[in-house]
Amino acid sequence: MTHVALVQCKPRKGDYAGNLAALGTIFAQLRGAPTDLIVLPEAALTGYFLEGAVYELALAAPAFAADLNRVWRAGGSGVVDVVCGFFENDAGTFYNSALYVRLGGAEPEIVHVHRKLFLPTYGVFDEERFHTRGRRLGVFASTFGPAAILICEDAWHAITSTVAALKGARLIVVPSASPGRGLGAGRELENVVHWKSMLANVAQEHGVYVLYAGLTGFEGGKGMSGSSCAFSPRGDVIVEAPALGECVLRVVLDNAEVDVARSTLPLLGDLQSALPDLWFDPELPLPRASREPVES
Amino acid sequence: MIAEIVAPRYDPGAALVIDGATTAAWLEGFLRDELVGRRNITRAVLGLSGGIDSAVVAYLCARALGPQNVYAIRMPYRHSSPDSLADAQSVIDALGINAETIEISDAVDAYLRCAPDADARRRGNVMARMRMLVLFDQSARLGALPIGTGNKTERLMGYFTWHADDTPPVNPIGDLFKTQVWALARHLGVPVAVIDKPPSADLEANQTDEGDLGITYAKADQILHLILSGYRDPTIVERGFTPADVALVRRRVDTTHWKRHLPTTALVSATAINEFYLRPVDY
């Protein structure tokens, strides 16, 4: 069993030191119950809409991990894994990233860094003006088992979760900062309705747990729509938060649930079988050095 | 013959339906974060005209900050309708917010004696700017943040005085069309008399917004929504609006973009503010 805490937080814009201190308070709260994995949102310690200030606040992954480790160790002993979104400065190239790091040792152990693949640059978003996009979707060994991170819009593309599942992921973690929009006739924001529908489909289609941690609070009029949630490998929502307000969601993941879900609805296995026919279709707009015959 | 299921015809009003409870909760959260969270200011001050926009904002502020932290300023000119004062009072009474009436007649007339040729439009702009002068001074007196009351329809139609109605640093209803403000008002329990009366800037006798604009808010909002959604005029006409109405709305939007921006600054460097040097408003 893996005990997870999803943290829905509201950082103070640009106040990295203050937000780190606030994280220390959250860590102290989380120590009150078994916690193996803590998931924080995208841009969790700076705020999301930074524009040019991203160059002032971005950190190298080791420096960011060291800060997290210092805050964790200041609250006591023990080991915990953390997923946290941050703006990454990799020798002068800037990414919207999230790292998976093991805290508690003398030095933090960075298990994986995911750099956001799909940078929204339309409407209210302007990411590609300030960041470079990541080029790789990795699956790594989390405390739960094989896992992948998809940051916000990464998860809006069906192919990303599909690739992650095909590469073995049994858990997909989605740190997000989603400005609320669409106050339609329903009781939920339209973007939240879309998120939940999409994440449920990801979980059910691939038989994976999905953990979604959303930033909350307003940033210059744009309200981050929180709504952190977790989905079982059957696609059922296990726990969910409101759009506004900081909170912690606790959920326990059971690896056996993945096997049961996949045996009941073996869509991932079906895809593994059919994938070559789809992937090597010469009509797909993919550059290939050489193409194998589609038909055997 | 098997059954046919026909998709419903396009309903241009359906896209503008809002859920009152969700909208109110969202905007209250916005006010709390903008005032208390970001600025550490617990008080709000607004001009309460007796119309629906400022009434809705008063309700939202009272719910977000507590009525004891909301200051409504009534700023009548000598020609303002007595009904406006009475309608504003009904909001004040219903909410239990702080209220004050500051006549702007003497101040406006003092200037207008220097501008005897001012027509109705210029006189209206002077009154609107005088009200904002008063509101910001009261802001300094009360330690309260001025709250804007302009709605999305009037912002898009350019139906406001630049650097007057649009001046407060925080506006909870600026992304709501007028018809959505009406819906929100009904949810909040704004007095019916305020909701049902014809909207008016109350700058001249018998003035109404819809008379000034030449189109009803119901039509204008739907056309605006389609324009902002990226539809071209012929498509909008196909959806049930007259070419004249579509052209009227399109013209008002296209000729007033400048009113929705800060002043145009000549760019001469590679560090021009808000062009190269980019920082969000809350940084």
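Which residue is the bridge partner of A:Ser97 in strand 5 of chain A? It is A:Arg115. The model discussed here is predicted.

Strand 4 of chain A covers residues 93-103. It runs antiparallel to strand 5 of chain A, and 6 bridges join the two. A:Ser97 pairs with A:Arg115. A:Val101 stands opposite A:Ile110 of strand 5.

Strand 4 and strand 5 of chain A form a hairpin. There are 5 residues between them. One residue in the turn, A:Gly104, has a positive phi of about 125°.

## The sheet of chain A

## A helix pair in chain B

Two packed helices are described by the angle between their axes and the distance between the axes. In chain B, helix 1 (residues 20-39) packs against helix 2 (residues 52-65). The angle is about 65°, and the axes are 9 Å apart. Angles of 65 to 115 degrees count as roughly perpendicular, so helix 1 of chain B is roughly perpendicular to helix 2 of chain B. The crossing of these two helices is right-handed.

Which residues make the contact between helix 1 and helix 2 of chain B? Helix 1 of chain B contributes B:Ala24, B:Leu27, B:Glu28, B:Leu31, B:Arg32 and B:Leu35. Helix 2 of chain B contributes B:Leu60, B:Cys61, B:Arg63, B:Ala64 and B:Leu65. By class, the residues of this contact are 8 nonpolar, no polar and 3 charged.

## Where the chains meet

How many residues of chain B are in contact with chain A? The count is 17 residues of chain B, against 20 residues of chain A. The side of chain B that touches chain A divides into 9 nonpolar, 3 polar and 5 charged residues.

Definitions and conventions: Residues numbered from 1 in each chain as written. Chains lettered and ligands numbered in written order. Predicted model: local features only at pLDDT ≥ 70, side-chain atom pairs only at ≥ 80, totals over all residues. Axes fitted to C-alpha atoms, helices over the stretch in contact; angles between N-to-C directions. Helix = DSSP H or I, 4+ residues; strand = E, 2+ residues; numbered from the N terminus. Parallel < 35°, antiparallel > 145°, perpendicular 65-115°, else oblique. Left-handed = near helix turned anticlockwise from the far one by under 90°. Contact = placed C-beta atoms within 7 Å. Nonpolar A, V, L, I, M, F, W, Y, C, P; charged D, E, K, R; others polar. Pairing = 2+ DSSP bridges.
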